[in-house]
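Here is a note for a colleague who is meeting this structure for the first time. Please read the points below with the model open beside them.

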Amino acid sequence: MRDFFIRSFEVIVGLLVIVMSVGVLIAGLAAMAGAGQMMGGQGGFFAGLAILVVGALYVLFIGGAMYLGLGIYQNTRRTADALERLAAARD
């Protein structure tokens, strides 16, 4: 049951990174197209470019942190399995 939840979380993390990436892309392109000016904000090419750059860094940071946590879990599990095999081989 524990493995089911870990695998499910890996799928959710992957989907979340994809959704965040698409959201950043849409927001950046909308700002470049001037959609922000209709709502009283600043729009333009450089605003859209800033959204794309900062958003991409945010997605990399958050996605990387989540995948780092999953990687730590996987490495800990493999180390525990290897130690169990080593202990069983000595007996």
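**Notes on the model**

1. The accessible surface of the protein chain amounts to about 6800 Å², and 73% of that surface belongs to carbon and sulfur atoms. Accessible areas here come from the Shrake-Rupley method with a 1.4 Å probe, and for residues only the protein chains shown count as cover.

2. This is a predicted model, in which local features need pLDDT of at least 70 and side-chain atom pairs count only at pLDDT 80 or more, while totals for chains, interfaces and linings use all residues. Residues are numbered from 1 along each chain as its sequence is written, and side-chain values use heavy atoms, with hydrogens and water left out.

3. The protein chain has 3 helices and 0 strands, and along the sequence its pattern reads α-α-α; helices (H or I, at least four residues) and strands (E, at least two) are DSSP runs, numbered from the N terminus. The radius of gyration of the protein chain is 21 Å, well over the 12 Å that the globule rule gives for 91 residues, so the chain is more spread out than a compact globule. That radius is taken over C-alpha atoms, and the globule rule is 2.2 Å times the number of residues to the power 0.38. Along the principal axes, the C-alpha trace spans about 75 × 25 × 15 Å.

4. Of the 91 residues in the protein chain, 19% count as buried, where buried means under 20% relative accessible area, exposed over 50%, and partly exposed in between (1.4 Å probe, protein chains only).

5. Helix α3 (residues 45-90) holds Ala50, which is partly exposed, with a relative accessible area of 40%. Ala50 and Met1 lie 49 residues apart in sequence and 43 Å apart in space, C-alpha to C-alpha.

6. Gln74 also lies in helix α3, and at 16% relative accessibility Gln74 counts as buried. Leaving aside neighbours within four places in sequence, Gln74 is in contact (heavy atoms within 4.5 Å) with Ile6 and Glu10.
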